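This briefing covers helices, a nonpolar core and a pocket. Please read it alongside the sequence and the model.

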Amino acid sequence: QCIFQNTSSTVQKLFLRQTGEAEGQRGFLGFEVDSINSVQFSPIQGDGTGDFDPAPSYSHWRGQVLTADELHVLYEGIKLNNVHKYDYVLTGYTRDTSFLEMVVDIVQELKRANPNLVYVCDPVLGDHGSMNLYPVYKNKVVPVADIITPNQFEAELLTGKTITTEKDAVEVMDLLHAMGPDTVVITSSDLPSRLGDRFLVSLGSQRHVRPDGSRKTQRVRIDVPKVDAVFVGTGDLFAAMLLAWTHHYPKDLKMACDKTFSVMHHVIKRTIAYAHELAGPGRRPSPPQLELRMVQSKADIENPDVVMEATIIS
């Protein structure tokens, strides 16, 4: 999904390209959102990681895929009406290289109009990779992105470096910084958690330029409880929340991650409780019952109790 975003004095305007899962974010957290769906499926397909997968959560699906030419026509309509002054662009899943290249062209044009525009990219290559998209992400998308949210596989693929230790992860994030983005969050990894095997490890890194021209980098680690359930849309929700909370805390990655991961915790916890109530005792919830409880979580999205805290590692 693509989101573009326009500024008035207090309202940020966002342009979003994703797949429809994050529809609940419209109007949340002071953002005015213009949304374009790269794919429109009923129902949305996923593999439980926020990525798309050939083995879908639902047995049947129907829908359409937006082409690069169709995206261009939609964007031209926005330009002709002179409503293309955006502050943020957020992109997630796409299916082909031409569409992705069109996104890059649009982002570059929007950045020429507003050099302060922030482009947030979830480089969806899955856990096994969409190899036709990989060169475009590496050579064209990541260099124009300001914030990226890869999983471990995607981060390794983009940098060519394997992550087996926390030190490796830091080096991979530094390599991604060198490619362009100032903020990198590895949303999930196979690294062992200090809290035990019921947790997974996420890591983040954010660099700033000091007034004297030197660089400062803040790196964080977050231990996230594992959940025995398959969800669709968590990747889109995570990227949208990271965008929002880095907007509110632009130079404090720890606080932005505390808020983002806490939102995820509240939404997933509520979704699981709702799903088990619908499924009944001793029954595993079905995919429809595990649809994210976005509307019911509005208060937590806008003002989450911080229950997940990142640890500063450097």
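On a 1 Å grid over the protein atoms alone, a pocket is an open set of points where a 1.4 Å probe fits, with protein on both sides within 12 Å along at least five of seven lines; its lining residues have an atom within 4 Å of a point. This is a predicted model, in which local features need pLDDT of at least 70 and side-chain atom pairs count only at pLDDT 80 or more, while totals for chains, interfaces and linings use all residues. Residues are numbered from 1 along each chain as its sequence is written, and side-chain values use heavy atoms, with hydrogens and water left out.

**Second largest pocket**

- The second largest pocket is lined by 18 residues, and those nearest its centre are Val-118, Asp-182, Thr-183, His-208 and Pro-250.
- With four residues, β10 gives the most to the lining of the second largest pocket.
- The space in this pocket is about 430 Å³, where grid points are joined across faces, edges and corners and a volume is the space filled by probe spheres set on the points.
- By class, the lining has seven nonpolar, six polar and five charged residues; Ala, Val, Leu, Ile, Met, Phe, Trp, Tyr, Cys and Pro count as nonpolar, Asp, Glu, Lys and Arg as charged, and the others, Gly among them, as polar.

**Helix α6**

- In α6, 13 of the 15 residues are buried, so this helix is largely enclosed by the rest of the structure; buried means under 20% relative accessible area, exposed over 50%, and partly exposed in between (1.4 Å probe, protein chains only).
- The end C-alpha atoms of α6 are 21 Å apart, which agrees with the 21 Å that its 15 residues should span at 1.5 Å a residue; the expected span is 1.5 Å times one less than the number of residues.

- Asn-82 is in the loop between α1 and β6 (88-91), and its phi is near 55°, a positive value in a residue other than glycine.
- Asn-82 counts as partly exposed because its relative accessibility is 49%.

**Largest nonpolar core**

- In soluble globular proteins, nonpolar side chains tend to be buried together.
- Here the largest nonpolar core has 43 residues, and Leu-71, Tyr-119, Tyr-137 and Val-141 have the most contacts inside it; such a core is a set of buried Ala, Val, Leu, Ile, Met, Phe, Trp, Tyr and Cys residues joined through side-chain atoms within 4.5 Å.
- The largest share of this core, eight residues, comes from α2.

- Val-103 lies in helix α2 (residues 97-113) and, at 2% relative accessibility, counts as buried.
- Val-103 and Leu-71 are 32 residues apart in sequence, and their C-alpha atoms are 8.3 Å apart in space.
- Pro-135 is in helix α3 and is partly exposed, with a relative accessible area of 37%.

Conventions: Helix = DSSP H or I, 4+ residues; strand = E, 2+ residues; numbered from the N terminus.
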